[in-house]
Amino acid sequence: MTKDQASPIYTGDIAAQQLEGQEYTAKTQEIPFTDEQHAIWADLFAGIHQPYLLEHICKEYKHGLTLLQLDPLRIPTVAHLNDHITPRTGWRIERTAVRYTLADDWYKKFAQRIFLITDYLRTRDQMEFTPEPDMFHDIFGHLPYLTQEFYARIEDKFAPAYMKAAPDEREVIKRLAWYTTEFGLVIEDDRLNVFGAGTISGRAELTNTVMEFYRLGRDGVIDYTGNVFEQIQEHFVAHKNDIHRIIDGVNGLHQQGQMSSQDKGWNVVHALYEKLGISHEGYFGGEVILAPFDVETIARIPKTVYAFNPMFFVCESFEQMDALLDSYLKPIAMRD
Ligand SMILES: [Fe+2]
């Protein structure tokens, strides 16, 4: 993945940033987009809406895409989005001028079942990779899901816990959201499927992920005729020590400022494997490590390494995702 070194890197950590423009009001939700912006939307849409990619995205996403009735050629209005979402799940969509939303404000809106979408659309030179989430990510990646109760239920879990959480717990909560709704994977019909909006809305990210699914089969790590989740679980248990050494090593490199860009980040990770005596093959042979969703492991990953996505986490089902998120979030949300 290449990108402009000078461009900001979206780390998932939401910067405390002053509002530059005017925030949108109830009356100013709709923006007139240029023909070029609609054309960028159309190309992004067409780039991902391909049978060979869609077959690796979970069924719920595709169902939601049908329900949301997005126009492949034009950026939807906020009114269109709300007409297709609010009657189904009660969630509302609001436009925001904030590009890196303050997490606290974001979660306050979340608690009111309001999902913010940015007014920014990536430019032509960022078609494969945008360093920060744009409206294509927000709309195409997340909103098909918000037409469905199961997803509204998942999103409903985060804000009540976040509001009562201690600062260190808030970091874990952001990471749990990151590794489910942004980059999560789920097993369906005994296959690995993409769930996260961050993966779905970036063609390069999505293609790389699908290629990793194939690599795992090709290199004999996963036998796709067998139980896929069990095999991932077995690899994870067998290599847990090395996985934690890698994460701790990445943490160390980050603290030394050696992970300042995605490209450089992966190079230093490869060097780290060598230093730790872990060969870059088999289970560790990809650009990312697939592991069963595990709160303890997720909590160890430093927030600022988000941009490198050193790991992706797999849930055995959406019911399991629900239960694992509840196991961490519910006790916090229920505090007095
Ligand atoms: Fe997102």
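Me: A residue is buried if 20 or more other C-beta atoms lie within 10 Å of its own, exposed if 12 or fewer, and partly exposed in between, with C-beta atoms placed from the backbone. Does Gly141 count as buried or exposed?

Reply: The model is predicted: local features need pLDDT of at least 70, side-chain atom pairs count only at pLDDT 80 or more, and totals for chains, interfaces and linings use all residues. Residues are numbered from 1 along each chain as its sequence is written. Gly141 has 22 C-beta neighbours inside 10 Å, so the class of Gly141 is buried.

Me: Which residues does Gly141 touch, not counting residues up to four places away in sequence?

Reply: Gly141 is part of helix H6, residues 135-142 (helices, H or I, have at least four residues and strands, E, at least two; both are DSSP runs numbered from the N terminus). Its C-alpha atom is 8.8 Å from that of Gly202, which is 61 residues away along the chain. Contact needs C-beta atoms, placed from the backbone, within 7 Å. With sequence neighbours up to four places away left out, Gly141 touches Ala197, Gly198, Ile200 and Ser201.

Me: What share of the residues in the chain is buried?

Reply: The chain has 14 helices and six strands. Among contacts between residues at least 6 apart in sequence, 69% join residues at least 24 apart. Of the 336 residues in the chain, the buried share is 35%.

Me: How are H7 and H8 oriented to each other, roughly parallel or roughly antiparallel?

Reply: Helix H7 (residues 149-164) and helix H8 (residues 167-182) have axes 10 Å apart, at an angle of about 170°. Axes are lines fitted to C-alpha atoms, for helices over the stretch in contact, and angles run from 0 to 180 degrees between N-to-C directions. Under 35 degrees is roughly parallel, over 145 roughly antiparallel, 65 to 115 roughly perpendicular, and the rest oblique. H7 and H8 are therefore roughly antiparallel.

Me: Which residues of H8 make the contact with H7?

Reply: From H7, the contact takes in Ile154, Glu155, Phe158, Ala161 and Tyr162. By class, the contact has six nonpolar, two polar and two charged residues (Ala, Val, Leu, Ile, Met, Phe, Trp, Tyr, Cys and Pro are nonpolar, Asp, Glu, Lys and Arg charged, and the others, Gly among them, polar). The residues of H8 are Arg170, Ile173, Ala177, Thr180 and Thr181.

Me: Which residues of the largest nonpolar core touch the most other members?

Reply: A nonpolar core is a set of buried Ala, Val, Leu, Ile, Met, Phe, Trp, Tyr and Cys residues joined through C-beta atoms within 7 Å. Ile173 touches Phe158, Ala161, Tyr162, Ala165 and Leu329, with residues up to four places away not counted. In the largest core, of 77 residues, those touching the most other members are Phe158, Ile173, Val186, Ala291, Phe313 and Val314.

Me: Which residue stands opposite Val186 in E6?

Reply: Strands pair if DSSP finds at least two bridges between them. E3 (residues 185-188) is antiparallel to E4 (residues 191-194) over four bridges, and Val186 stands opposite Asn193 in E4. E3 is also joined to E6 (residues 311-315) by two bridges, in parallel. On that side, the residue opposite Val186 is Cys315.

Me: Which strands stand at the edges of the sheet?

Reply: The sheet is open and mixed, with its four strands in the order E4-E3-E6-E5. An edge strand has a single partner, so one side is left without a neighbour in the sheet. This holds for E4 and E5 (289-292).

Me: Which residues form the covered face of E4?

Reply: Helix H11 (residues 228-255) lies across E3, E4, E5 and E6, at about 110° to E5. The uncovered face of E4 has Arg191 and Asn193. The covered face has Leu192 and Val194.

Me: What is the phi of Arg113?

Reply: Most residues other than glycine have a negative phi, and most peptide bonds are trans. Arg113 is in the loop between helix H5 (103-111) and strand E2 (114-118), and counts as partly exposed because 16 C-beta neighbours are inside 10 Å. Its phi is positive, near 60°.

Methods:
Two residues are in contact if their C-beta atoms, placed from the backbone, lie within 7 Å.
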